[in-house]
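Subject: Handing over a structure

Hi there,

Here is the structure I promised to pass on to you. Have a look at it first, and then read my notes below.

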Amino acid sequence: MVSVMTEREKMLSGMLYTMQDEELQSLHHRSLRLCEKYNKIPARKAKKREKTIKQLFGKTGEKIKVETPFACDFGVNIEVGENFFANYGCIILDVNKVKIGKNCMLAPNVGLYSATHPVKAEERYNGVELGLPITIGDNCWIGAGAVICPNVTIGNNVVVGAGSVVTKSFGDNVVIAGNPAKVIKEL
């Protein structure tokens, strides 16, 4: 018997999928509701904020902090390690897995975009989408306004300069910057 993949399975496998799928729509609307709720919780209610963001994300460390506003597509595809911090204006398009290690900091207005679209126009206009994973190692600092593109892996102990656009993967112990990002210093 041949099993048919769900649209969610296709999405997480890096295959073309349709967002109009009922399961994906339900997950997306859940995320929108939780993001809206999270963004309205006053900073003084830290425990409530923490509980809500942990409910949104697929997996977290014990100690995490995410400033508002925050937005994501699904939330359940986001995994962050211990001591994670995201500053104001973070956007994570998690149509595929976005995994972030421990002791990582995202400066204001960082975008992690696992979402992409087909290159062929006829595929784009037929309503199919595509997502590829993003993995960020331990002890990383992503500078303000940086963009991490789909299918990128960043190693451990990496610093990404402010305003950088990371279009390819990098190993451990480097400072990267620019558009497109390149190694500017080894640590």
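Let me start with one cysteine: Cys35 is buried, with a relative accessible area of 7% (buried means under 20% relative accessible area, exposed over 50%, and partly exposed in between, using a 1.4 Å probe and protein chains only). Cys90 is buried as well, at 1%.

Before going on, some notes on how to read all this. This is a predicted model, in which local features need pLDDT of at least 70 and side-chain atom pairs count only at pLDDT 80 or more, while totals for chains, interfaces and linings use all residues. Residues are numbered from 1 along each chain as its sequence is written, and side-chain values use heavy atoms, with hydrogens and water left out.

**Cysteines**

How many disulfides are there? The count comes to 0, where a disulfide is a pair of cysteine sulfur atoms within 2.5 Å. Cys35 is in no disulfide, and its nearest cysteine sulfur, that of Cys72, is 3.8 Å away. Cys90 is in no disulfide either; here too the nearest cysteine sulfur belongs to Cys72, at 9.1 Å.

**Strands around β6**

Cys90 also belongs to a strand, so let us follow it there: β6 covers residues 90–93 (helices, H or I with at least four residues, and strands, E with at least two, are DSSP runs numbered from the N terminus). In β6, Cys90 and Ile92 make up a covered face, and Ile91 and Leu93 an uncovered one. In a regular strand the side chains alternate between the two faces of the sheet.

Which strands pair with β6? One is β3 (residues 70–72), which runs parallel to β6 and is joined to it by 3 bridges; two strands pair if DSSP finds at least two bridges between them. Cys72, the residue whose sulfur came up above, has Ile92 as its bridge partner in β6. Another is β9 (residues 111–113), which pairs with β6 in the parallel sense over 3 bridges. There, Ile92 stands opposite Leu112.

**Two open sheets**

Strands of a sheet pair through backbone hydrogen bonds, either parallel or antiparallel. You can find an example of each kind here.

The parallel example is an open sheet of 4 strands, in the order β4-β7-β12-β15. Its edges are β4 (78–80) and β15 (152–154), each with a single partner strand, so one side of each is left without a neighbour in the sheet. From one strand to the next, the twist averages 5° (axes are lines fitted to C-alpha atoms, for helices over the stretch in contact, and angles run from 0 to 180 degrees between N-to-C directions). Within this sheet, β12 (residues 134–136) is joined to β15 by 3 bridges, and Thr135 has Thr153 of β15 as its bridge partner.

The antiparallel example is an open sheet of 3 strands, ordered β1-β11-β10. At its edges stand β1 (17–18) and β10 (115–116); each has a single partner strand, so one side of each has no neighbour in the sheet. β10 pairs with β11 (residues 128–131) in the antiparallel sense over 2 bridges, and Thr116 stands opposite Leu130 in β11.

**Salt bridges**

Side chains of opposite charge can pair when their charged atoms come close. The structure holds 8 salt bridges, each being a side-chain nitrogen of Lys or Arg within 4 Å of a carboxyl oxygen of Asp or Glu.

Let me pick out some of them:

- Glu23 and Arg8 meet at 3.4 Å, N to O. Glu23 lies in helix α2 (residues 22–40) and Arg8 in helix α1 (residues 7–12), so the pair ties together parts that are 15 residues apart in sequence. Glu23 is partly exposed at 35% relative accessibility, and Arg8 is partly exposed at 25%.
- Lys40 and Glu36 meet at 3.3 Å, N to O. They are 4 residues apart in helix α2, a separation of about one helical turn. Lys40 counts as exposed at 63%, whereas Glu36 counts as partly exposed at 46%.
- Lys54 and Glu62 meet at 3.9 Å, N to O. Lys54 is partly exposed, with 23% relative accessibility, and Glu62 is exposed, with 60%.
- Arg49, Lys65 and Glu67 are linked in a network of salt bridges.

Enjoy exploring it!

Best wishes
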